[in-house]
Amino acid sequence: MTTNVLYIDCCIRGGESRTRQLGEAFLFGLAIREEFVIDRLNLMEEPLVPLTGDFFLQRERLLAAGSLSHPRFRYAHQFAAADRIVIAAPFWDLSVPALLKIYIENVSVQGITFDISEVDGISGICRAEKMFFLTTRGGAYSQSPLETGVPMLRNLASFFGIKEFDYIAADGLDLLLEPPEIILGRAIREAQDRAVIW
Ligand SMILES: Cc1cc2nc3c(=O)[nH]c(=O)nc-3n(C[C@H](O)[C@H](O)[C@H](O)COP(=O)(O)O)c2cc1C
């Protein structure tokens, strides 16, 4: 039996990105287990558009008509169908890059990733049981309430019905209190180790 992993790459700096190194280390750890099949989604290569103007109104019309098979909902269907979700995104402006938020806007679709009923209220209907988030930060925010990326993704996992959320953050890479390659190397080893037992 295979386990389909959706890997959402929001590492804007591409080949220069330290977060991408962390994400790839996690995937490397997963690859040891043959049951995992990785479906890569590079957000920088997708025609993602925020919900404004006509794009927003089209969504309202389609939802009112129950047209959930429209191509614009493909991201939501892909997300909802995955067995596991892995997200890699750097720490930007105390959170994640706006591109990831735009992707989430496109994924949050009633009837595909969550639903609302009189009995249950709002409930997530995604198939995945686990979400893993990988990030790197310039400053030291592991103990800080100012860090809003991890809590947001944790809450979204719950919103989508994904029971388990976990993450690794390479913290303080730009502070030069410790060489960044040492911090990143430690996080990379941790990512590989955690992936093997995830
Ligand atoms: C646009 C932008 C915003 C950033 N915002 C923050 C921030 O709010 N706090 C912080 O500690 N570091 C911030 N950083 C630094 C990054 O978190 C850090 O360099 C990270 O390792 C970058 O990841 P990457 O190598 O995958 O691009 C920011 C960097 C950029 C480019």
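In what order do the five strands of the open sheet run? The order is β2-β1-β3-β6-β7, and the pairing is parallel. Strands here are DSSP runs of E with at least two residues, helices are runs of H or I with at least four residues, and both are numbered from the N terminus. Two strands pair if DSSP finds at least two bridges between them. Before going on, note that this is a predicted model, in which local features need pLDDT of at least 70, side-chain atom pairs count only at pLDDT 80 or more, and totals for chains, interfaces and linings use all residues. Residues are numbered from 1 along each chain as its sequence is written, and side-chain values use heavy atoms, with hydrogens and water left out.

At the edges of the sheet sit β2 (36-42) and β7 (164-170), each pairing on one side only. From one strand to the next, the twist averages 15° (axes are lines fitted to C-alpha atoms, for helices over the stretch in contact, and angles run from 0 to 180 degrees between N-to-C directions). Five parallel bridges link β1 (residues 3-9) with β3 (residues 84-88); aspartate 9, for instance, has alanine 88 in β3 as its bridge partner. Helix α6 (residues 180-196) packs on this sheet and touches β6 (130-136) and β7, contact meaning heavy atoms within 4.5 Å. The direction of α6 makes about 155° with that of β7.

Away from that sheet's strand list, β4 (residues 114-117) and β5 (residues 121-124) pair in the antiparallel sense over four bridges. They form a hairpin with three residues between them, and isoleucine 116 stands opposite isoleucine 122 in β5.

Now for the ligand. Around it are 16 residues, the closest being Ser17, Thr19, Phe91, Thr136 and Gly139; a residue counts as near if one of its heavy atoms lies within 4 Å. A ligand oxygen atom is 2.6 Å from a polar backbone atom of glycine 139, and a ligand nitrogen atom is 2.9 Å from one of aspartate 93.

How values were computed
A polar contact is a pair of N or O atoms within 3.5 Å; within protein, one must be able to donate a hydrogen and the other to accept it, and residues adjacent in sequence count only if both atoms are side-chain atoms.
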